[in-house]
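Here is a short tour of a protein chain, written for someone who likes to see the cut-offs behind the words. Keep the viewer open as you read.

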Amino acid sequence: MEVVGKSKALVVLESCLQESTVYFSNHEKILKCNPYCRYVRYIPDFDVFQWTFEVDDPRNNPIVAIFFVRQTEEHIPTDSAVFRRYAGESRAPIDTETPGKKIIWETVDSAPELLFNNDHTFIGKTFSEIFLLHQTDNRTTVHFETNISLDFKLSFPLNLMPEPALKFMSDMIMSKIMQQATESMLCQVQSDICCSMPEIAAEGGKK
């Protein structure tokens with residue numbers, strides 16, 4: 001059964017767009033701010049990062065999720081629909097003369113093969129987008145959106161439950177965990193950038 005989790009958050013950083021982009025481009029540093037991340041490593045032969053996360057299920061059993069991810073970056077033109085969308089969602093005036101930046105974390109098709117000697121480790125998929133816009137006060141608005149999916153094998157007694165009901169419940173739990181992790185991660189980012197007051201506006205579990 002595929003379980004999908006989603007999170008979405010907005011954070012304001014006390015640094016300009018260029019400095020914020022350099023910070024968020026440090027893939028390993030950002031992921032280590034996530035409380036569930038055990039380690040991140042770069043695999044040069046595949047040009048990918050391996051994420052390893054661990055979280056407890058409702059019975060306090062460990063679940064290990066491994067992702068193979070490539071990072072790319074794009075400019076966001078000021079006349080694009082996506083720029084206008086996120087500028088409109090921002091809480092402070094956005095500099096409409098300065099293009100934004102988008103950082104993408106996406107699961108790759110080709111990745112190392114791993115062998116597991118347990119039944120609680122899974123290979124997951126993710127697609128995350130980080131939109132950075134320059135504010136008129138020289139700070140940076142960051143819109144962070146991420147989706148992950150894990151394909152679980154249901155065991156007794158969970159396999160006795162109707163799958164639609166179990167999937168709905170599992171998606172909600174996954175999204176809640178992700179939302180909490182996202183907020184914690186972005187608060188740590190703000191702290192690292194020496195921001196004076198956290199300003200997180202979160203929208204958890206939205207489909």
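T146 has a relative accessibility of 8%, so it counts as buried (buried means under 20% relative accessible area, exposed over 50%, and partly exposed in between, with a 1.4 Å probe and protein chains only). This is a predicted model: local features need pLDDT of at least 70 and side-chain atom pairs count only at pLDDT 80 or more, while totals for chains, interfaces and linings use all residues. Residues are numbered from 1 along each chain as its sequence is written, and side-chain values use heavy atoms, with hydrogens and water left out.

T146 sits in strand β7, residues 140–151; helices (H or I, at least four residues) and strands (E, at least two) are DSSP runs, numbered from the N terminus. Setting aside neighbours within four places in sequence, T146 is in contact with G5, K6, S7, T126, F127, S128, M178 and T182, where contact means heavy atoms within 4.5 Å.

## Strand β7 and its partners

Of the 12 residues of β7, 10 are buried, which leaves the strand mostly covered. Strand β1 (residues 2–13) pairs with β7 in the antiparallel sense over 12 bridges; two strands pair if DSSP finds at least two bridges between them. In this pairing you can look for V3, whose bridge partner in β7 is L150.

Strand β6 (residues 121–134) also pairs with β7 in the antiparallel sense, over 11 bridges. Here G124 stands opposite L150, and K125 stands opposite S149. The hairpin of β6 and β7 has five residues between the strands, and N138 in this hairpin takes a positive phi near 75 degrees.

## Strand β6

How many of the 14 residues of β6 are buried? The count is 11, so β6 is largely enclosed by the rest of the structure.

Strand β5 (residues 100–107) runs antiparallel to β6 and is joined to it by six bridges; W105 has S128 as its bridge partner in β6. Strand β4 (residues 62–76) runs parallel to β6, with three bridges between them.

## Helix α1

In helix α1 (residues 17–25), the buried residues are L17, S20, T21, Y23 and F24. They lie on the same side of α1 because they cover an arc of only 160 degrees around the axis, the arc being that of the directions from the helix axis to the C-beta atoms. Q18 and V22 are exposed, on the face turned away from the buried side of α1.

L17 belongs to this helix. Its relative accessible area is 9%, so L17 is buried. Not counting residues up to four places away in sequence, L17 touches T98, P99, L132, L133, H134 and T140. L17 and P99 are 82 residues apart in sequence, yet their C-alpha atoms are 9.6 Å apart in space.

## The nonpolar core

A nonpolar core is a set of buried Ala, Val, Leu, Ile, Met, Phe, Trp, Tyr and Cys residues joined through side-chain atoms within 4.5 Å. The largest one has 36 residues, and F24, W51 and W105 have the most contacts inside it. Helix α4 (residues 163–192) gives the most to this core, with five residues.

What does F24 touch, leaving out residues up to four places away in sequence? The list is L13, I30, Q71, I103, I130, L132, V142, L186 and V189.

## The whole chain

The protein has four helices and eight strands, and from the N terminus on its elements run β-α-α-β-β-β-α-β-β-β-α-β. Of its 207 residues, 45% count as buried.

Among contacts between residues at least 6 apart in sequence, 68% join residues at least 24 apart. The protein exposes about 11200 Å², with carbon and sulfur atoms supplying 53% of it; accessible areas come from the Shrake-Rupley method with a 1.4 Å probe, and for residues only the protein chains shown count as cover.
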